[in-house]
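Hi,

Here is the structure I promised to pass on to you. Have a look at it first, and my notes on what I found follow below.

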Amino acid sequence: MVYNPKGFEGSKPKFFSKKWWRETMKYWHLNLNEIQEMIGFCRQYKNILIFGVSENCEYILKFFDICNVRVNAFVENNLPEHKFCYREIPVITTDKLIKQFSTVDTGIILGLYNEHYESVIPYLRKCDFSYFDVSEHNKNIIMSKLSPKPPKETHIEIPITEHCNLNCKMCNYFAPLAKKQFYPLTNFRNDIKRLANLCEHKLGTLKIIGGEPLLHPNLIEILRISRETFQDNEIILVTNGTLLLHHENAKQGNIWDALKKFNIWILLTVYPININVNAIFDKANEYGVNIGIIPNLPNPDSEKKLHKFVLDPLGKQEAFTFINCGYFNSCVTMMQGGKIFPCPPAAHIHIFNEFFNENLMITEDDYVDIYKIKSFSDISDLCSRRVEFCKYCAIKSHGRWYKWEVSNKTIDEWIDIAGEESST
Ligand code: SF4
């Protein structure tokens with residue numbers, strides 16, 4: 001059977017182009033200093049009000065809930081018809097604002113779009129209310145990140161191995177520390193079917209990933225099950241490419257034939273190692289397999305660098321920092337047995353804990369079990385809120401890039417050492 005999902009013939013995965021990647025990176029990072037100032041502003045007042053009652057104002061409320069900032073009400077010039085999408089709180093008019101709240105102990109967050117400022121700011125100044133102006137960029141990102149996503153906008157990755165044959169330093173999946181282990185076929189079949197039922201076969205993208213997925217002895221069967229289960233969805237095999245040319249005549253069959261037959265993309269990460277990328281592209285052309293390269297960051301035109309994902313084993317990170325995490329609400333991970341985590345570090349932390357005898361705890365707040373939940377909305381909700389595990393991610397220390405190297409398997413690759421500097 002040849003699978004030919006509608007709309008994918010000749011198309012490219014969304015994250016194929018450098019431009020898309022650059023734009024996405026820019027978009028996903030907000031101004032954390034401004035967020036910190038906003039939280040500091042709120043801490044000065046007994047009462048906090050959000051001016052505006054649109055959808056983005058509700059996501060600012062959600063953000064404040066996560067950061068333990070109590071919001072009393074939304075303020076509007078007139079009482080609008082409003083259907084709450086997150087949660088209901090009182091909405092008051094500007095008349096009531098003056099009557100009910102004193103200027104001394106009330107702080108106002110401007111949640112509405114900047115175009116309305118002309119009418120609002122002079123009024124607040126006249127009444128002598130203190131206000132905090134949230135930038136449009138931050139407002140948009142808060143809303144986008146905290147909105148639960150429907151299945152068709154959700155990209156789920158399934159690591160079918162945890163170990164890898166490259167063992168990059170600082171790997172966010174802790175693959176250099178992982179034991180040799182494979183997602184058993186029976187579990188894979190059951191888990192993916194249950195997932196498909198929950199999302200009614202409408203997933204955005206399914207990524208088969210590792211460790212290095214080509215190490216799995218039943219990879220072809222996994223690709224077949226994936227395509228049979230998700231017939232009309234984008235499926236991508238994410239690989240370091242080192243084994244692709246060897247798998248033309250592998251014991252389990254010809255990987256290239258399988259990729260073509262099941263219409264599955266290859267997404268290649270090109271590391272600065274001795275690998276013949278042109279030969280891989282020639283082979284893909286020969287078999288008619290679609291292939292893309294993950295653009296290198298921070299500069300797509302230079303060789304692959306390593307990004308250090310810094311952990312804080314003491315779990316002392318401030319609540320607001322998660323909002324700048326690149327994984328947040330974008331990199332859902334399903335592990336063997338059907339546990340869904342919002343991100344790879346939480347999904348794979350057991351490897352780090354076991355290897356270094358650490359105890360960065362996973363609690364029931366950090367995942368959902370696909371065999372216990374009733375609908376996909378539980379997955380969407382998990383991924384659009386801060387989980388308990390976020391306290392271990394030192395997001396403010398992220399952003400440093402290092403030359404690619406093989407891991408020494410020492411803990412300093414994953415935690416911060418005092419005085420450390422970027423070596424890009
Ligand atoms: S636990 Fe939270 S902050 Fe850490 S990687 Fe996952 S989503 Fe990001």
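The C-alpha centres of domain 1 and domain 2 lie 39 Å apart. Domain 1 covers 18-26 + 148-413 and domain 2 covers 32-134, with bounds that come from an automatic or database domain assignment. Before you read on, please note that this is a predicted model: local features need pLDDT of at least 70, side-chain atom pairs count only at pLDDT 80 or more, and totals for chains, interfaces and linings use all residues. Residues are numbered from 1 along each chain as its sequence is written.

Domain 1 and domain 2 each give 8 residues to their contact (two residues are in contact if their C-beta atoms, placed from the backbone, lie within 7 Å). On the domain 1 side, these are 3 nonpolar, 2 polar and 3 charged residues. Here Ala, Val, Leu, Ile, Met, Phe, Trp, Tyr, Cys and Pro count as nonpolar, Asp, Glu, Lys and Arg as charged, and the others, Gly among them, as polar.

**The ligand**

The shell around the ligand has 13 nonpolar residues, with no polar and no charged ones. Of these 13 residues, Cys325, Cys343, Phe389, Cys390 and Cys393 come nearest (a residue is near a molecule if its C-beta atom, placed from the backbone, lies within 6 Å of it).

**The sheet**

An open sheet of 8 strands runs in the order β10-β9-β8-β7-β6-β12-β13-β14, and its pairing is mixed. Strands are DSSP runs of E with at least two residues, helices are runs of H or I with at least four, and both are numbered from the N terminus; two strands pair if DSSP finds at least two bridges between them. At the edges, β10 (291-293) and β14 (368-369) each pair on one side only.

Strands β7 (residues 205-209) and β8 (residues 234-239) are parallel and share 4 bridges, one of which links Thr205 to Glu234 in β8. Helix α8 (residues 219-229) lies across both strands, at about 170° to β7 (axes are lines fitted to C-alpha atoms, for helices over the stretch in contact, and angles run from 0 to 180 degrees between N-to-C directions).

Most residues other than glycine have a negative phi, and most peptide bonds are trans. Gly210 and Gly211 are joined by a cis peptide bond, with omega about 20°, and Gly211 sits in the loop between β7 and α8. Asn68 has a positive phi near 60° and belongs to the loop between α3 (55-66) and β2 (73-76).

Best wishes
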